[in-house]
Number of protein chains: 2
Amino acid sequence: MRRSERIAIITKILSTNPRTHFSLNYFAGLLDAAKSTISEDLTLVRDTFQEYGLGQVVTIPGAAGGVKFLPLLSLSKIASLLEEMSERLAEQERIIPGGYLYMTDLIFNPKHAGEIGEIFATVFKEIEPDYVVTIETKGIPLAMSTARAFNVPLVIIRDDSKVTEGSAVSINYVSGSTRRIRTMALARRSMATGSKVLLIDDFMKAGGTARGMLELMAEFKAEVLGMGVLVSTTEPKEKLVDNYLALLELEALDEKEKRISIKPGKWLYNFTG
Amino acid sequence: MRRSERIAIITKILSTNPRTHFSLNYFAGLLDAAKSTISEDLTLVRDTFQEYGLGQVVTIPGAAGGVKFLPLLSLSKIASLLEEMSERLAEQERIIPGGYLYMTDLIFNPKHAGEIGEIFATVFKEIEPDYVVTIETKGIPLAMSTARAFNVPLVIIRDDSKVTEGSAVSINYVSGSTRRIRTMALARRSMATGSKVLLIDDFMKAGGTARGMLELMAEFKAEVLGMGVLVSTTEPKEKLVDNYLALLELEALDEKEKRISIKPGKWLYNFTG
């Protein structure tokens, strides 16, 4: 087998299985090649990915060594993706009566959802969650893409307890913007007690839902390592939660003047990749 | 640049962007190489993918030619994945009081959801939907993976009309198993009238929800090209819909005896890949 054929196979397997450890032995067996040969191949893939901003290939040297692929994006790629999304989300026909922003076409598009997942996986690259947690419904595609980039299971908090999931823990919370009391619930068996989690959602206004999620996580004795939302509103400035990262900030949505102002979050200017 | 470096880049880009057309010019510019060189590279990637069952790389020859990657699985890979899933889903601790089958851990796992999406993309490879459509909540990760493999947007039917989506079309339907009247709704702007769609869901018992989805699609004058579910129950034999493909069939779930019988659908034995 030629080197370029081995490179094609290795690259395909790594790309399709983010954050999965593959041993040198695995590839040596699959490709019927010496471990030293595989090791050279992996170095080539790693250097090429690095040079072309295709993600990070981490090689672990030695006999027990191996490789895994981290789908991390460069700072410039993140900045350009967020600028593009801001432009698209500022289109005035996105204003829905009631002062809402229509973004379903963007976040339910697998390509864009995938990019957003990889952005979250990059900005939260220092953490190692056991689960990515979201609440139904619109955040699910983003949370799924994030879970994929982290190679961990997704957990979906439900609006109410569903009979098909067995016993569940439910809490009441006050939706920050509407002031209505609502219920969220999570089946006991969906998450081990004491897990480390990353919370992901599509939108945050007052932060009532986010605070509810934190309370529900506390019921599972989960350690919340981070919270990411695609869009948060600038107002109200005081949210019901403190530590969250919003990829985009919605500064204004004027239904009468048909004007939307949205831009990348300020964290981007301090982010060093 | 060496051939093996070009191969790594081409493979990564194709793998990450299923069913996306890339021209020879695109790669020639990106890799600073002659189109004839790129053409040879693509042939190597195509042949290697084919030999190792990594999916199908379709090359379009000629000046306006190019390439796209179809994440299709081999028949033997599909059979072994479905056998593995059947075994896991037959674990007796999956029985939930009320006679339900717990499968959330499997379908919310990005790796397995991704595999199921690629299975649907393979068994429905003859169709070209504009959208993959599902109904909230548990089918969403599977539908998202399927949409990703088809490179088309996902559409999520909601339990009721949500104010943040604008005007919506809603229908009432009778849940086949509980005989209760329920509502499902879809925002008008989430799908163009007259679209071609593939319906995906996680579970089908009597088919009431599926029939509701068909009726809602009719309201959008959509052409339903196919319907796929992960699991359907053998009983009732007469479903409220006719044309669907179930990857797995749940033959029995005995709460008292703690016994689950589930296996790949019979279509598998006629499927030629």
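Author: Let us begin with strand pairing: two strands pair if DSSP finds at least two bridges between them. Helices (H or I, at least four residues) and strands (E, at least two) are DSSP runs, numbered from the N terminus. This is a predicted model, in which local features need pLDDT of at least 70 and side-chain atom pairs count only at pLDDT 80 or more, while totals for chains, interfaces and linings use all residues. Residues are numbered from 1 along each chain as its sequence is written, and chains are lettered from A and ligands numbered from 1 in the order in which they are written.

Reader: In what order do the three strands of the open sheet in chain A lie?

Author: In general, strands of a sheet pair through backbone hydrogen bonds, either parallel or antiparallel. Here the order is β1-β3-β2 in chain A, with antiparallel pairing. The edges are formed by β1 (22-23) and β2 (56-60) of chain A, each of which pairs on one side only. Two bridges join β1(A) to β3 (residues 66-70) of chain A, and Phe22(A) has Val67(A) as its bridge partner. Five bridges join β2(A) and β3(A), with Ile60(A) partnered by Gly66(A). In the hairpin of these two strands, five residues lie between them, and Gly62(A) takes a positive phi near 100°.

Reader: Which helix lies across β2 and β3 of chain A?

Author: The helix is α3(A), which runs at about 150° to β2(A). Axes are lines fitted to C-alpha atoms, for helices over the stretch in contact, and angles run from 0 to 180 degrees between N-to-C directions. Two residues are in contact if their C-beta atoms, placed from the backbone, lie within 7 Å.

Reader: How many residues of α7(A) are buried?

Author: A residue is buried if 20 or more other C-beta atoms lie within 10 Å of its own, exposed if 12 or fewer, and partly exposed in between. Eleven of the eleven residues of α7(A) are buried, so this helix is largely enclosed by the rest of the structure. Among them are Ile140(A), Arg148(A) and Phe150(A). Just after α7(A), Asn151(A) has a positive phi of about 55°. Across chain A, buried residues make up 43% of the 273 residues.

Reader: Which residues touch the most other members of the largest nonpolar core?

Author: A nonpolar core is a set of buried Ala, Val, Leu, Ile, Met, Phe, Trp, Tyr and Cys residues joined through C-beta atoms within 7 Å. In the largest, of 120 residues, they are Val132(A), Leu230(A), Leu248(A), Val132(B), Leu230(B) and Leu248(B). Apart from that core lies another, of 34 residues, including Leu14(A) and Ala8(B).

Reader: How many residues does each chain bring to the contact between chain A and chain B?

Author: Chain A gives 45 residues and chain B gives 45 residues. On the side of chain A, the largest share, ten residues, comes from α1(A). By class, that side has 23 nonpolar, 13 polar and nine charged residues. Here Ala, Val, Leu, Ile, Met, Phe, Trp, Tyr, Cys and Pro count as nonpolar, Asp, Glu, Lys and Arg as charged, and the others, Gly among them, as polar.

Reader: Into which domains is chain A divided?

Author: Domain bounds come from an automatic or database domain assignment. Chain A is divided into domain 1 (3-70) and domain 2 (75-269), whose C-alpha centres lie 33 Å apart. Their contact takes four residues from domain 1 and five residues from domain 2 of chain A.
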